[in-house]
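Biologist: Can you walk me through this model? Start with the overall layout, then the details.

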Amino acid sequence: MTPERKRALITISATLIIGILIGALSIGLWNKQGGGGRPSGGQKQHGKEAFVKKIFSVIKADTATARQLRPLINETMAQIDSLQKHTDEEMGKVIHSFEVKVQPLISEKQMQQLKDFHQRGREKERR
């Protein structure tokens, strides 16, 4: 094997290994920052805890204050979740009313596309 060929093989091998390492590290970093996958119930709960911690850091709460604030924050988050659920239900009714009103004006294919569009929006909200 000639020296040029050895150098070329070493360069190609090194480039391949470096590329694999960069890919693995970037995927790991992306997942660590929350970019990978769909949010699950556990991740939603983690998001709530992150929100609580963010409030504590903004107001620079000490341990005693944080202990007193946590129940109030949890109660407020529960109220917000309840309002969000109620609002989502009302919005669903309004969207359905809109679909009923436009049905005579658009074709069957257009109506299906509209329903699919609305369904995708509802699925995103549930995540």
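**Chain layout and contacts**

Modeller: Along the sequence, the chain reads α-α-α-α. This is a predicted model, where local features need pLDDT of at least 70, side-chain atom pairs count only at pLDDT 80 or more, and totals for chains, interfaces and linings use all residues. Residues are numbered from 1 along each chain as its sequence is written, and side-chain values use heavy atoms, with hydrogens and water left out.

Biologist: How many helices and strands are there in the chain?

Modeller: Four helices and zero strands. Both are DSSP runs numbered from the N terminus: helices are H or I with at least four residues, strands are E with at least two.

Biologist: What percentage of the residues count as buried?

Modeller: 9% of the 127 residues. Buried means under 20% relative accessible area, exposed over 50%, and partly exposed in between, with a 1.4 Å probe and protein chains only.

Biologist: Switching to the core. Which residues make up the largest nonpolar core?

Modeller: Val52, Phe56, Ala66, Ile73 and Met77, five residues in all. Helix 3 gives the largest share, three residues. A nonpolar core here is a set of buried Ala, Val, Leu, Ile, Met, Phe, Trp, Tyr and Cys residues joined through side-chain atoms within 4.5 Å.

Biologist: What does Ala66 touch?

Modeller: Phe56 and Ala61, not counting residues up to four places away in sequence. Contact means heavy atoms within 4.5 Å.

Biologist: Now the loop between helix 2 and helix 3. Is Lys60 buried or exposed there?

Modeller: Lys60 is exposed, with a relative accessible area of 71%. Lys60 also has a positive phi of about 55 degrees, although it is not a glycine.

Biologist: Salt bridges next. How many are there?

Modeller: The count comes to three. The rule asks for a side-chain nitrogen of Lys or Arg within 4 Å of a carboxyl oxygen of Asp or Glu.

Biologist: What is Asp81 paired with in a salt bridge?

Modeller: Lys48, with the closest N and O atoms 2.6 Å apart. Asp81 lies in helix 3 and Lys48 in helix 2, so the pair ties together parts 33 residues apart in sequence. Asp81 is partly exposed at 32% relative accessibility, and Lys48 is partly exposed at 23%.

Biologist: Which residue forms a salt bridge with Arg70?

Modeller: Glu49, the closest N and O atoms being 3.2 Å apart. Arg70 is in helix 3 and Glu49 in helix 2, so this pair ties together parts 21 residues apart in sequence. Arg70 is partly exposed at 30%; Glu49 is partly exposed at 27%.

Biologist: And Lys93?

Modeller: Lys93 forms a salt bridge with Glu90, the closest N and O atoms being 3.5 Å apart. Both lie in helix 3, three residues apart, about one turn of the helix. Lys93 is exposed at 55%, while Glu90 is partly exposed at 36%.

Biologist: Last one. Is Glu99 buried or exposed?

Modeller: Glu99 is buried, with a relative accessible area of 8%. Glu99 lies in helix 3 (residues 63–102). Leaving aside neighbours within four places in sequence, Glu99 is in contact with Met111, Leu114, Lys115 and His118.
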